[in-house]
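Work through the following exercises with the sequence and the model beside you, and try each task before you read its solution.

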Amino acid sequence: MKKVVVVLVVLFLSNVGIVAAQKFAHVNLQELMLALPERKNAEDSLKLEAEKFKKDISEMEADFKTDLDAYTMKVKTGGYSTPEARQKAEMKLNQSQQDIEDMKITAEEKLAMREQELMKPMYERVKAAIAKVAKAQNINYVLDVTQIVVMDGGTDLQPLVKKELGLPEVKTP
């Protein structure tokens, strides 16, 4: 029994040594992504696409308002000859409203997909730079500071990764 306890203590201490030998570092991934020069082009592209969707939706809404005003005027003046004609006009208005809502959802989905499409190469570039710097510094784990609850010390790879990405180092006061 004594031998088992000694073996367990030795194993525990050897594992503690292994964990202590691991090197941890941190970066601010969001700051790195925002600092990339190609980020501005991606944002401009997304903005143009969003404006096009907004214009299309505005045109649809203007057409809907015109149709609604015409419907309202016809109802007030008794312009519908049959209840079926009125019902057909109401169905057309309902469909137009649904088309506008569908377009809004489609626009959001397409813009989100486009954003992912544009951000993926930037993320891969940042990830590769982090991996390269970590390997050069013999770092086993690199954590994103925005995901860490408690941090005391550790190696800040941010300046080295910025240098690897060709980004200027901004000094904060």
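**Exercise 1.** Find how many helices and strands the protein has, and write down their order.

*Solution.* The protein holds 5 helices and 3 strands, where helices (H or I, at least four residues) and strands (E, at least two) are DSSP runs numbered from the N terminus. Read along the sequence, these elements give the pattern α-β-α-α-α-β-β-α. This is a predicted model, in which local features need pLDDT of at least 70, side-chain atom pairs count only at pLDDT 80 or more, and totals for chains, interfaces and linings use all residues. Residues are numbered from 1 along each chain as its sequence is written, and side-chain values use heavy atoms, with hydrogens and water left out.

**Exercise 2.** Describe how helix H3 packs with helix H4.

*Solution.* Helix H3 covers residues 37-77 and helix H4 covers residues 83-136; they pack at an angle of about 175°, with their axes 10 Å apart. H3 is therefore roughly antiparallel to H4, a term for angles over 145 degrees. The residues of this contact divide into 19 nonpolar, 3 polar and 15 charged.

**Exercise 3.** Locate Asn138 and decide whether Asn138 is buried or exposed.

*Solution.* Asn138 lies in the loop between H4 and strand S2 (141-144). Although Asn138 is not a glycine, it has a positive phi of about 55°. Asn138 counts as exposed because its relative accessibility is 56%, and exposed means over 50%, while buried means under 20%. In the protein, buried residues make up 20% of the 173 residues.

Notes
Axes fitted to C-alpha atoms, helices over the stretch in contact; angles between N-to-C directions. Parallel < 35°, antiparallel > 145°, perpendicular 65-115°, else oblique. Nonpolar A, V, L, I, M, F, W, Y, C, P; charged D, E, K, R; others polar. Buried < 20%, exposed > 50% of the residue type's maximum accessible area, 1.4 Å probe, protein only.
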